[in-house]
Amino acid sequence: MVNDMADVRPFCAYRPRKGLESRIAALPYDVYDRAEAEEEVRKEPLSFLRIDRAETGMPEGIASDADCVYERARDILHKMLASGEFVQDEELCYYLYELTRNGRCQTGIVACVSIDDYCSGVILRHENTRREKEEDRVRHVDTCDMQTGPIFLAYREEKELCRIREEWKKSREPVNDFISPDGIRHRVWVIDDAKTSERIRECFGGMSRIYIADGHHRCASAVRVGMKRRREAGTYNGEEAFNYFLSVLFSERELEILDYNRVVKDLNGHGTEEFLEKVKERFKVCAEGSIPVKPRSKGEFGMYLKGGWYRLTAAEQPDGSDPVRELDVSVLQENLLEPVLGIADPRTDERIDFVGGIRGLKGLEQRVNSDGGVAFSLYPTSIQELFAVADAGELMPPKSTWFEPKLRSGLFLHALW
């Protein structure tokens, strides 16, 4: 059953009944804390967050990982299926999912991908996962008997897939077309032609590597549930639904990665001038005054300190032998965050925080102005850098990439039965 090329299949998705898609579609469960999720469900009672975060409808004292939370998610979901709020396509289909942000479109192919491809290394990761976060989604998927949040995958540009994708969009009307509250336009097409589906599957079947862009925990959890179902079944032929997981696959040229910036709460005991002198030992420093510094290229950094911005350029550049050390997040960590600010492990040090580029540079200024310390703006990690790290079998430092726009949950569901 294990292959060295990608197995990307069409499936019979459950999708919101026409007219409900804009009300049901929700941002991923893990971009909200509990209070934020509860507020979203209050504003929109049909939001898929009431399934992805079922604790939102339960008393405050109930833990988010209590058995009754996952059981509530299952009950709400299956009630929606029974009432016709979700409808399943009768034929195996691929789907196109287009997201438009600030006039820029990206279109992914919605499909199911083999768990064996993850295990064999056809699907490559670039981040570690945390067991407790995996466990939450394992229990959610297993209890609901359905995958509800797609994994965000990327592949190297394939001209035939691009042609198929664009021709289908030009020649057919979307089945869904709505703008979410954050201004993102979402459009969906159903590819229900057998010959086109066969060609898509052949194109993916020629790929030896596909990359997890976002959703490492969802991916690892989906694989764990599939393996659990195999053990429970005793015998299986590889065609069962639990052998595949819900994904949206994007060409590298479709994707936008934003900067993922850093804020440190203090100067590690240094005074402002002393700190600046230490920075100058490792970086060329140019004061920019009140003008926010958005790095113009790889190897350049912005720094906000005491109401002023500085442009930094590392004195020594990596030699190109290690794709992880080549990353700007690594350059900043190795040359400033650890030796000067004492941040040895950014995964566990409570003095450092990470701010997605979607919040802009003003968000960094606000944090430093209110809390003190220092902030750094970074040039975005490129998709080619992500590929290079994954190809080398290495892992990126935490918070290296911020993808926008985020895929919505609730637009496509993959049943495991």
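This report walks through aromatic pairs, salt bridges and a charged surface patch in a predicted model.

## Reading the model

Because the model is predicted, local features need pLDDT of at least 70 and side-chain atom pairs count only at pLDDT 80 or more, while totals for chains, interfaces and linings use all residues. Residues are numbered from 1 along each chain as its sequence is written, and side-chain values use heavy atoms, with hydrogens and water left out.

## Aromatic pairs

Let's start with the rings. A pair of aromatic rings is described by the distance of the centres and the angle of the planes. Here, rings of Phe, Tyr and Trp (its six-membered ring) pair if their centres lie within 6.5 Å; planes under 30 degrees apart count as stacked, over 60 as edge-to-face and the rest as tilted. Searching the whole structure gives 13 aromatic pairs. One of them joins F152 and F403, a tilted pair with 5.2 Å from centre to centre and 50 degrees between the planes. F152 sits in strand β8 (residues 151-155) and F403 in strand β20 (residues 402-403), so this pair ties together parts that are 251 residues apart in sequence. Helices (H or I, at least four residues) and strands (E, at least two) are DSSP runs, numbered from the N terminus. F152 is buried, with a relative accessible area of 4%, and F403 is buried at 1%. For these labels, buried means under 20% relative accessible area, exposed over 50%, and partly exposed in between (1.4 Å probe, protein chains only).

The rings of Y260 and W402 have centres 5.1 Å apart and planes at 90 degrees, so the pair is edge-to-face. With Y260 in strand β14 (residues 260-264) and W402 in strand β20, the pair ties together parts that are 142 residues apart in sequence. Y260 is buried, at 10% relative accessible area, and W402 also counts as buried, at 17%. Elsewhere, F11, Y95, Y97 and F412 make up one aromatic cluster.

## Salt bridges

Now for the charged contacts. A salt bridge is a side-chain nitrogen of Lys or Arg within 4 Å of a carboxyl oxygen of Asp or Glu, and the whole structure holds 50 of them. In one, E135 meets R224 at 2.8 Å, N to O. E135 belongs to helix α6 (residues 131-144) and R224 to helix α9 (residues 216-233), so the pair ties together parts that are 89 residues apart in sequence. Both ends are partly exposed: E135 at 31% relative accessibility and R224 at 21%.

Another salt bridge links R408 and D182 (2.5 Å, N to O). R408 lies in the loop between β20 and β21 (414-415) and D182 in the loop between β9 and β10, so parts 226 residues apart in sequence are tied together. R408 is buried, with a relative accessible area of 4%, whereas D182 is partly exposed at 43%.

R311 and E300 also form a salt bridge (2.7 Å, N to O). R311 is in strand β17 (residues 308-314) and E300 in strand β16 (residues 300-305), so the pair ties together parts that are 11 residues apart in sequence. Both count as buried, R311 at 15% relative accessibility and E300 at 7%. Salt bridges with shared partners also join E98, R165, E166, K169, R187 and E254 into one network.

## A residue pair at a distance

N176 is found in strand β9 (residues 176-179) and counts as buried, at 5% relative accessibility. Its C-alpha atom is separated by 34 Å from that of L361, 185 residues apart along the chain.
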